[in-house]
Amino acid sequence: MSGILRPIFIQPLKHIYKMVTVPEYLTYSLLWSRLRPINRYNECRVKLHDWHLTIPDNLSFIHSYKEIFVDQVYAFKWENKSPNILDLGSNIGLSILFFKSLYPDANITGFEADPKIFRYLEKNINENSVSQVKLINKAIWYENTYLNFVSEGADAGKISDGESNVRVEAIDILEVLSHQKFDFLKMDIEGAEEFVIPRCRGFLDDLKFIFIEYHSKLGQEQCLDKILLILKEAGFRIHIRNINNSHLSPFLEIKPQSGFDLQLNIFGWKE
């Protein structure tokens, strides 16, 4: 096969091979073909594995399923069957369902700030009889307060220092970390990690795994160095992965997404 034709043949073959060998990839492909034609932000019902889910948006659901179940960004190994997991930014519940598929006896505390999205989260967890899960409709912050929040209707809702369409109650992260020990902390809170992680300094010793989706806000000072220093001080070994690889020539052009010019997955674990 000539070099110029090789990519044309290889990519379809990889796709077919993954569909045959990876059940989650086949599910993802079927979800894509079924849900992609639907207009965004239209509520619909989906049967996923053994779960019946109500989703508010097709595109964010497809993306989340691929990231969580196909790419398995939250996968980890634990020595017993019941790790304690703190899920900050649970959205409609896919992350919780993934953790439960790994460890059915896991104890999970899930926070979701967006009142509209929380209703989907609660419905999906309760209607599928998922046990040992505590759901809290509050934002995670560095103090107890109320915050302006932009509810986008899917997975991009975030705390705002300007215009907003809803007020949400926020809880100090230390109230959570000081009352219960967790083994795994997952944090996907759309930029609020800049304020929450510094508040966690000195309270991450019991954790064995941490996942942070880091967001760099367009036009504002980046804080990646501060977050990495705190994780290093807590004894974590770090791996970083770029979520958006579309910035092929960032010196020439950056294409922001939802107001962020950089999004990274930060994986931390203790050896």
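User: At what angle do helix α3 and helix α4 pack, and how far apart are their axes?
Analyst: In this predicted model, helix α3, covering residues 58–70, packs against helix α4, covering residues 94–102, at an angle of about 30°, and their axes lie 10 Å apart. Since angles under 35 degrees count as roughly parallel, that makes α3 roughly parallel to α4.

User: Left-handed or right-handed, that crossing of α3 and α4?
Analyst: The crossing in which α3 passes α4 is right-handed.

User: Which residues make the contact?
Analyst: On the α3 side the contact is made by F61, S64, Y65, I68 and F69, while α4 brings L94, S95, L97, F98 and S101 to it. Sorted by class, this contact of α3 with α4 holds 7 nonpolar and 3 polar residues, and no charged ones.

User: And α2, at what angle does that helix pack with α3?
Analyst: Helix α2, which spans residues 23–35, packs with α3 at an angle of about 175°, with the two axes 10 Å apart. Because angles over 145 degrees count as roughly antiparallel, α2 is roughly antiparallel to α3.

User: Which residues of α2 and α3 meet there?
Analyst: From α2 the residues are E24, Y25, T27, Y28, L31, W32 and L35, and they meet N58, L59, F61, I62, Y65, K66, F69 and V70 of α3. The classes in this contact of α2 with α3 come to 11 nonpolar, 2 polar and 2 charged residues. F61, Y65 and F69 of α3 are named in this contact with α2, and F61, Y65 and F69 are also among the residues through which α3 touches α4.

User: Switching to pockets, what volume does the largest pocket have?
Analyst: The largest pocket holds about 860 Å³ of space. Its lining is made of 42 residues, and those closest to its centre are D155, A156, D188, E190 and E213.

User: Which elements give two or more residues to the lining of the largest pocket?
Analyst: Those elements are α3, α4, β6 (139–141), β8 (158–159) and β13 (260–269). Helix α3 gives the most to the lining of the largest pocket, with 6 residues. Taken by class, the lining of the largest pocket divides into 18 nonpolar, 12 polar and 12 charged residues.

User: What about the second largest pocket, what is its volume and which residues lie nearest its centre?
Analyst: The second largest pocket has a volume of about 350 Å³, and of the 20 residues that line it, I159, S160, D161, K217 and Q220 lie nearest its centre. Strands β7 (145–150) and β8 each supply at least two residues of this lining, and β7 accounts for the largest share, 3 residues. The lining of the second largest pocket has 9 nonpolar, 6 polar and 5 charged residues.

User: How many cavities of 30 Å³ or more are there?
Analyst: The count comes to 2 cavities of 30 Å³ or more, and the second largest cavity has a volume of about 30 Å³.

User: Which residues line the second largest cavity?
Analyst: The second largest cavity is lined by P56, D57, S60, F61, N91, I92, I117, A154 and D155, and by class this lining divides into 5 nonpolar, 2 polar and 2 charged residues. D155 from this lining is also one of the residues closest to the centre of the largest pocket.

Definitions and conventions
Residues are numbered from 1 along each chain as its sequence is written. This is a predicted model: local features need pLDDT of at least 70, side-chain atom pairs count only at pLDDT 80 or more; totals for chains, interfaces and linings use all residues. Side-chain values use heavy atoms; hydrogens and water are left out. Axes are lines fitted to C-alpha atoms, for helices over the stretch in contact, and angles run from 0 to 180 degrees between N-to-C directions. Helices (H or I, at least four residues) and strands (E, at least two) are DSSP runs, numbered from the N terminus. Angles under 35 degrees count as roughly parallel, over 145 as roughly antiparallel, 65 to 115 as roughly perpendicular and the rest as oblique. A crossing is left-handed if the near helix is turned anticlockwise from the far one by less than a right angle, and right-handed if clockwise. Contact means heavy atoms within 4.5 Å. Ala, Val, Leu, Ile, Met, Phe, Trp, Tyr, Cys and Pro count as nonpolar, Asp, Glu, Lys and Arg as charged, and the others, Gly among them, as polar. On a 1 Å grid over the protein atoms alone, a cavity is a set of points where a 1.4 Å probe fits but cannot get out, and a pocket is an open set with protein on both sides within 12 Å along at least five of seven lines; lining residues have an atom within 4 Å of a point. Grid points are joined across faces, edges and corners, and a volume is the space filled by probe spheres set on the points.
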